[in-house]
Each structure stands twice: as structure tokens, then as C-alpha cells.
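Have the viewer open as you read.

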Amino acid sequence: MRYMNETPLPPSPGAREHSSIDLVNSEIHLPGGKVHESLSTPESTTAWLITRGLVGEGSVLQSYCQNRLVGLREDLRNAFAARVSGDTVDSRALDGINAALAAAPNTSLLHFAPGEGFFRSLEHPATRLIEHAMSVVAEDAAALLAGEEAELLAQCEAEPCTRFLLKTHGRRQWCSTRCGDRVRAARSYARKRAQAEATAS
């Protein structure tokens, strides 16, 4: 298995709108045993979260936080796969998603600033940055899986790709043009080979 640094594919349909799809797709499997892993280190995990506005600029997360986010990704992948296949979701995955939903503070505290007066905001101490980020992603997943868009959730059919997407039209089967082109090329090659074998026999 070879790891790649640069993102090899554009975001799949729905990933820009849904942080949960974006997180699940942060690990990309490609032909030839290549894997692109956006959460391979604490630093790359922090950069991924900052880019998506889930933690603030200058945040520093440790390997513990990285491991927790990767764990949530596996729970979400399990839930998404169950939704697409119609299978029963693993209760441990559901527990993990619900734990993420409940971990972050959701009550705005009252503050006062001279010249500004009273205002309210959620408190996210540095030690709870990952809890906040995970709760946002888990909330997005819960809304997606329990909402009308759940019917549109699909998994790319171009092996070895495992990315999820929202179908932009009923016949969409792939997460990207690149995956679609690869499948069509493989099918064309298989047809030509079958024709050649039939002619030879």
C-alpha cells in the first residue's frame, strides 16, 4: 500500500455541503494499491480541520485528537455503508456517533466586554477543540442520515474507490469523472478482449 501526499480527486458531489461526507472521504483508495490519507499525522489532521473551519487558525492538535477523528470517520463510514446497502448499522458505530454528538458544549454562556456589552457564545477551550469539531461533523451526519437527502447517499462503484457521494441524478454511479472514465475504459477493454477471443475461437 503506497501513500500519496496530494489530493488525487476533486470533492465528490455532496462533500462540500456535508462535512460528514468530506470526513469519510478523507481516505481515498486508488488503483495500484495507492492510498491518499488526509489524516495521517496530527499536523495534517489539524490542517484538514482548519481548512474546513472546524478549528481555528493556529490550533495545535495532538495524536490523541487525530486518533479520535479517525475513529469517528470509521463510525461514519459504517453508518453510511449500512444506509446505502440497507444493512443493520453496527451498534458500536452508532454509539461512537452519538458520543461525538453529546461531547461538545451546546449551551451558549453569557459574556461581557467593555464597550460591547453582553453577548453569548459557545465555549470551546483548547482541550475541547476536537470535541467541538467532531460534534459538528456528527451533527451533519445525523441530519443527513435521518433526513430527505439520505435517499441520495451512494458509494462510488469504481473499485477500488470507496468514496461516498450524493447522487446529482438517478443514474450517477461514480464520485468523479476520473472514476467514471476508468470504469468505462475497463468495460471497453473487456468487450474488445471478449470479441477478440470469440473471433480467435
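What follows goes through the ground rules, a helix, the cores, an aromatic pair, the salt bridges and a proline.

## Ground rules

This is a predicted model, where local features need pLDDT of at least 70, side-chain atom pairs count only at pLDDT 80 or more, and totals for chains, interfaces and linings use all residues. Residues are numbered from 1 along each chain as its sequence is written, and side-chain values use heavy atoms, with hydrogens and water left out.

Helices (H or I, at least four residues) and strands (E, at least two) are DSSP runs, numbered from the N terminus.

## Helix α5

Let's start with α5, residues 129-145. The expected span of a helix is 1.5 Å times one less than its number of residues.

The buried residues include L129, M134, V137, A141 and L144. Their cover includes the helices α1 (19-24), α2 (42-51), α3 (63-85) and α4 (91-103), along with strands β6 (153-155) and β7 (164-166).

## The cores

A nonpolar core here is a set of buried Ala, Val, Leu, Ile, Met, Phe, Trp, Tyr and Cys residues joined through side-chain atoms within 4.5 Å. The largest one has 30 residues, and those with the most contacts inside it are L23, L49, L69, L72, L76 and F80. Two or more residues each come from α1, α2, α3, α4, α5 and β7, with α5 giving the largest share, eight residues. A second, separate core of 11 residues includes I28, C156, L165 and W174.

Take L76: neighbours within four places in sequence aside, this residue is in contact (heavy atoms within 4.5 Å) with S20, L23, V24, I97, V137 and A141. T45, in helix α2, is buried at 1% relative accessible area.

## An aromatic pair

Rings of Phe, Tyr and Trp (its six-membered ring) pair if their centres lie within 6.5 Å; planes under 30 degrees apart count as stacked, over 60 as edge-to-face and the rest as tilted. The structure holds two such pairs. One of them, F80 with F164, is edge-to-face, at 5.5 Å centre to centre and 70° between the planes. F80 is in helix α3 and F164 in strand β7, so the pair ties together parts 84 residues apart in sequence. F80 is buried at 0% relative accessible area, and F164 is buried at 0% too.

## Salt bridges

There are eight salt bridges, each a side-chain nitrogen of Lys or Arg within 4 Å of a carboxyl oxygen of Asp or Glu. R52 pairs with D22, the closest N and O atoms being 2.4 Å apart. R52 lies in the loop between α2 and α3 and D22 in helix α1, so this bridge ties together parts 30 residues apart in sequence. R52 is partly exposed at 35%, while D22 is buried at 17%.

E27 and R77 also meet in a salt bridge, 3.5 Å from N to O. E27 is buried at 16% relative accessibility, and R77 is buried at 15%.

## A cis proline

Which residues does a cis peptide bond join? They are E159 and P160, with omega about 5°. P160 sits in the loop between β6 and β7.

Methods: Buried < 20%, exposed > 50% of the residue type's maximum accessible area, 1.4 Å probe, protein only.
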